[in-house]
Amino acid sequence: MSMTPDDKKIQQILTEAKTIALVGYSPKPARPSYQIGRFLKQAGYKVYPVNPIIKEIDGEQCYRSLREVPKPIDIVNVFRRSEFLPEIIEQAIAINAKTIWAQLDIYDQAAAERAIAAGLNVIMDSCIKIEYLRLGIKKYSDR
């Protein structure tokens, strides 16, 4: 069982997605999660920050958990350590997210299998920005 879809499927996921919940979003500009969040917003996605200890990031409300995000989520992009993946995946399943995307060095085989069994697309140990740029995805403003 492959944990990473092929390029065609990744391109489909990134092209069709409109909303991304960024779990572990940091308000610190030097942090990768902040930089990726800004990139995704500039690419035209609606990004919902999820971090239980932060109230807001760049003037936008930050949600304590995926369950608090008020809109349906296409991609749950994870910037938390691997040991947090099982809980995050359970929340992603509970809110009917379409895809779980764990950033570089974040991976949990059992959690991935649980997500796949629940019908989610799973991408682990992969940077969403790198894949977006590598596959030449067009911004919403360019479509």
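Biologist: Which residue of β5 stands opposite V23?
Modeller: V78 stands opposite V23. Keep in mind that this is a predicted model.

Biologist: How do you know that β1 and β5 pair, and in which sense?
Modeller: Pairing takes at least two bridges. Strand β1 (residues 19–23) and β5 have 4 bridges, in the parallel sense. So β1 and β5 count as paired strands.

Biologist: What about β5 and β6: how many bridges join them?
Modeller: 4 bridges join β5 to strand β6 (residues 99–102). The cut-off is at least two, so β5 and β6 pair. They run parallel.

Biologist: Through which helix does the chain cross from β5 to β6, and what is the hand of the crossover?
Modeller: It crosses through helix α3 (residues 85–94). This β-α-β crossover is right-handed. The test is to point the strands away from the viewer and follow the path from the first strand over the helix to the second; clockwise is right-handed.

Biologist: Which way do the residues of β5 point, and are they buried or exposed?
Modeller: I75 and N77 point one way from β5 (residues 75–78), and V76 and V78 the other way. All are buried. That puts each of them under 20% relative accessible area.

Biologist: Now the helix. What makes α3 and α4 roughly parallel or roughly antiparallel?
Modeller: The angle decides. Under 35 degrees counts as roughly parallel. The axes of α3 and helix α4 (residues 109–117) cross at roughly 10°. Therefore α3 and α4 are roughly parallel to each other. Their axes come within 9 Å.

Biologist: Which residues make the contact between α3 and α4?
Modeller: From α3, L85, P86, I89, E90 and I93. From α4, A111, A112, R114 and A115. By class, the contact has 7 nonpolar, no polar and 2 charged residues.

Biologist: Which residues of α3 are buried, and what do they pack against?
Modeller: L85, I88, I89, Q91, A92 and I93 are buried. The buried residues of α3 pack against β1, β5, β6 and α4. Just after α3, N96 takes a positive phi of about 60°.

Biologist: In what order do the strands of the sheet lie?
Modeller: 5 strands form an open sheet in the order β2-β1-β5-β6-β7, with parallel pairing.

Biologist: What makes a strand of this sheet an edge strand, and which are they?
Modeller: An edge strand pairs on one side only; here these are β2 (46–50) and β7 (121–123). The twist averages 20° from one strand to the next.

Biologist: How do you know that β7 belongs with β6?
Modeller: 3 bridges join β6 to β7, against a cut-off of at least two, so they pair. They run parallel. The bridge partner of T99 in β7 is N121. Helix α1 (residues 7–16) packs on the sheet, touching β5, β6 and β7. The direction of α1 makes about 105° with that of β7. The range 65 to 115 counts as roughly perpendicular, so that is the term for α1 and β7.

Biologist: Which residues of α2 are buried, and what covers them?
Modeller: S33, Y34, I36, G37, F39 and L40 are buried. Their cover includes β1, β2, β3 (56–57), β5 and α5 (128–134).

Biologist: Why is S126 called buried?
Modeller: The cut-off is under 20%, and S126 has a relative accessible area of 9%, so it is buried. S126 lies in the loop between β7 and α5. It touches W101, A102, Q103, L104 and E131, not counting residues up to four places away in sequence.

Biologist: Is D105 exposed or buried, and how do you know?
Modeller: Over 50% is exposed; D105 has 71% relative accessibility, so it counts as exposed. D105 lies in the loop between β6 and α4. It has a positive phi of about 70° although it is not a glycine.

Definitions and conventions: Residues numbered from 1 in each chain as written. Predicted model: local features only at pLDDT ≥ 70, side-chain atom pairs only at ≥ 80, totals over all residues. Heavy atoms only, no water. Buried < 20%, exposed > 50% of the residue type's maximum accessible area, 1.4 Å probe, protein only. Axes fitted to C-alpha atoms, helices over the stretch in contact; angles between N-to-C directions. Parallel < 35°, antiparallel > 145°, perpendicular 65-115°, else oblique. Contact = heavy atoms within 4.5 Å. Nonpolar A, V, L, I, M, F, W, Y, C, P; charged D, E, K, R; others polar.
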